[in-house]
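Hello,

Here is the structure for your files. My notes on it follow below.

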Amino acid sequence: RPARGGLPLAAQQVRGRLVLQGDGSPVSEALVLLLDQERKEVARTASTASGGFLLAAPLPGTYWVRVQRIGFRAWETNSPVLEAGATWTPTLTVPDEPYALPELTAYGGKSLCGVAAGSADVMARLLESAQTALGLAEAGATSQGRKFRIQTWRQTVRPDGTSLDSAPTIVPRQMSGWPIQSADPDSLRNWGFERGSWPAPRDVVPGPNVGPVFYGPDARVLFTSWFLDAHCFSIAKPSFKGDSTLVVRFKPAKQAGRAALAGRFEYDLRSVELRTLVFAFVRQPYWVPEGAGGAMRFVRLADGAWLPAWWRMRAPVPAANARKGIYEFFGYAETGGFVSEALQADGAPDTAATAALRAARDLGPPPD
């Protein structure tokens, strides 16, 4: 994915602070979006413990600042005209308006295509909650404050998940970004979530370096207008009485182009907090069984921070049948990882956060 650098020199900036309407307390761990006049996102960040945030506008002009918090209504305001190199330093007073989802049975499993982001529709609200959680998780993964130690692995597996390697390659390191490789949304729109093609079948050594490169989604691409237009969404019924998981499934619409996925968001029904994202690559060759795709589990820490706690992505690996001149399925090239330890800003272990992250890791992969 593109490297994350500093703000460009002489950029137009919004350097603000969020406070709650009423008591004036700071609004931390909010997703703050900068939208242009066409309502297209041009920058994003998460507010700090003091409610502060910094956004850079690519060009002079008037923008909208949108504030999204999990469990609360989104709020936005427009900026004054930002002249070249100017900085706007507002203190924005955000209404504290929690929202409750209306009765979900009215949906009855029907599929909605082309959901409009930001509308009052219940599906749009659920997608907004997922966008907020993913955006905050991405911000947490790239935070320069707290640090998280992770362990990542790489292996080749059978469809049932058993390893074809003598031992997976496990690497301990520090989390420094979104854990699943993605790409710029405009690039994904043009060439889809896989780039390249499968060569004509031939004798090859089975391995992960044959065929296209696969990319996963991130917090930006899943909620672009073109992705929402190209997919249909439905609310799944609870699997059993007392089930506290709310599932929103998505699949390509008829007019979807190359950039299409199938998958689901899983929420806690009571808090509408996103817990899991599962996605699958579609329109694969005939020899690829179901299972190519990825999954992520998320955790909300005690201080309100969100973090990806566990992740996995699988791409198909072929073997060539020289006699028949065709590809056959060999296995999946699997990469994954989990957060093994959380550290405070001073480097001291954060035992409570580590325990919460470990609990999510121990749940293992979501069911297919």
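**Aromatic pairs and strands**

Searching the whole structure turns up 13 aromatic pairs (Phe, Tyr and Trp rings, the six-membered one for Trp, with centres within 6.5 Å; planes under 30 degrees apart are stacked, over 60 edge-to-face, the rest tilted). In one of them, Phe214 and Phe281 have ring centres 4.9 Å apart and planes at 55°, so this pair is tilted. Phe214 sits in strand β13 (residues 213–214) and Phe281 in strand β17 (residues 273–281), so the contact ties together parts 67 residues apart in sequence. Strands are DSSP runs of E, at least two residues, numbered from the N terminus.

This is a predicted model: local features need pLDDT of at least 70, side-chain atom pairs pLDDT 80 or more, while totals for chains, interfaces and linings use all residues. Residues are numbered from 1 along each chain as its sequence is written, and side-chain values use heavy atoms, without hydrogens and water.

Phe214 is buried at 7% relative accessibility (buried is under 20% relative accessible area, exposed over 50%, partly exposed in between; 1.4 Å probe, protein chains only). Phe281 is buried too, at 8%.

Ring pairs also link a cluster: Phe193, Phe223, Trp226, Phe227, Phe233, Phe250 and Phe265.

Now the strands. In β19 (residues 306–321), 15 of 16 residues are buried. β19 runs antiparallel to β18 (residues 293–300), with 8 bridges (pairing takes at least two DSSP bridges). Ala295 faces Arg312 of β19. β19 also pairs antiparallel with β20 (residues 326–343), over 12 bridges. There, Pro318 stands opposite Phe329.

Best wishes

Conventions:
Helix = DSSP H or I, 4+ residues; strand = E, 2+ residues; numbered from the N terminus.
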